[in-house]
Amino acid sequence: MLLEAALRFLFPDPAKCFLCGAPVALSPLCTACASSFRAGRSTMQPKIEFVNRVFALAPYRGEVRKKLHALKYWDRPAFARSFAQAVCDLVILTERYDLVTAIPMHRRRFIQRGYNQAELLAREIAARQRTPFRQVLKRVQDTRPQHLLGRMARQENLAHALALTARVEGLRVLLVDDILTTGSTLSAAASLLVTSKVKHVDALVVAVSLADSAGQ
Ligand SMILES: [Zn+2]
């Protein structure tokens, strides 16, 4: 009974696959969903400037897309735990890290949403990797609209929109976000960390939006 209660606490619905609803014993994902991610992984190796290596669970489509959307917009913070569990079960991190951090959210949006989904994911992943989590980046006010700028200017704009809040010199950093689309935000964050003399930055995302990143 205690185990059952613990499982209910750990997973929103322990009897069903988090994504497809198929019956499942322990993991948040059924064997079919898990193996589809394993199969697709070799085809997703996005390159992002300033990021040493990018790790990703799945393409941004189907149920992954729906659940990430719910995590982001429909007030489902508990989904972060299931995604983090799936990431830690299925994505093989080849490095040890000194610090896990997340792509920050602007304070105004944080107040609207009540949480930063990237930070929830990063905290869960850090705990499972037994690595300290610290939010060392913050988003500062930026009034220049992105869509009016060219690619280089946009990159610079993003870099100015972020600030570092702690010393990170010499650290191996894992930077977490929910979805990778153009990679420009991860790149801007990584460039800030690299300029601040981290040892290196790897990125971990739940999903890669392949259609959007194809032109990068
Ligand atoms: Zn499934």
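These are my notebook entries on a few places that I looked up in the structure above.

**Ground rules.** I am working with a predicted model, in which local features need pLDDT of at least 70 and side-chain atom pairs count only at pLDDT 80 or more, while totals for chains, interfaces and linings use all residues. My residue numbers run from 1 along each chain as its sequence is written.

**Overall.** I count 9 helices and 6 strands in the protein, taking helices (H or I, at least four residues) and strands (E, at least two) as DSSP runs numbered from the N terminus. Of the 216 residues, 35% count as buried; for this I call a residue buried if 20 or more other C-beta atoms lie within 10 Å of its own, exposed if 12 or fewer, and partly exposed in between, with C-beta atoms placed from the backbone. Among the contacts with a separation of 6 or more, 75% come from residues 24 or more positions apart, where a contact means that the C-beta atoms of two residues, placed from the backbone, lie within 7 Å.

**The sheet.** I traced an open sheet of 4 strands in the order S1-S6-S5-S2, with parallel pairing; two strands pair if DSSP finds at least two bridges between them. Strand S1 (53-59) and strand S2 (99-102) are at the edges, and because each has a single partner strand, one side of each lacks a neighbour in the sheet. From one strand to the next the twist averages 20 degrees.

I then followed S2, which pairs with strand S5 (residues 172-180) in the parallel sense over 4 bridges. Leu 99 stands opposite Val 173 in S5, and Thr 101 stands opposite Leu 175 in S5. In a regular strand the side chains alternate between the two faces of the sheet. In S2 both faces are covered, with Leu 99 and Thr 101 buried on one side and Val 100 and Ala 102 buried on the other.

**Leu 120 and the helix pair.** I placed Leu 120 in helix H6 (residues 117-129), and it counts as buried because 21 other C-beta atoms lie within 10 Å. Apart from neighbours within four places in sequence, Leu 120 is in contact with Pro 77, Ala 80 and Tyr 115. I also noted that Leu 120 and Ala 102, 18 residues apart in sequence, are 8.6 Å apart in space from C-alpha to C-alpha.

Helix H4 (residues 79-90) packs on H6 at an angle of about 45 degrees, with the axes 9 Å apart; axes are lines fitted to C-alpha atoms, for helices over the stretch in contact, and angles run from 0 to 180 degrees between N-to-C directions. That angle makes H4 oblique to H6, since angles under 35 degrees count as roughly parallel, over 145 as roughly antiparallel, 65 to 115 as roughly perpendicular and the rest as oblique. On the H4 side of the contact I listed Ala 80, Arg 81, Phe 83, Ala 84, Val 87 and Cys 88, which meet H6 residues including Gln 117, Leu 120, Leu 121 and Glu 124.

**Two positive phi values.** Phe 50, which is not a glycine, has a positive phi near 80 degrees, and I found this residue in the loop between helix H2 (31-40) and S1. Phe 50 is buried, with 20 other C-beta atoms within 10 Å. Arg 130, also not a glycine, has a positive phi of about 50 degrees and lies in the loop between H6 and strand S3 (137-139). Arg 130 counts as exposed because it has 7 C-beta neighbours inside 10 Å.
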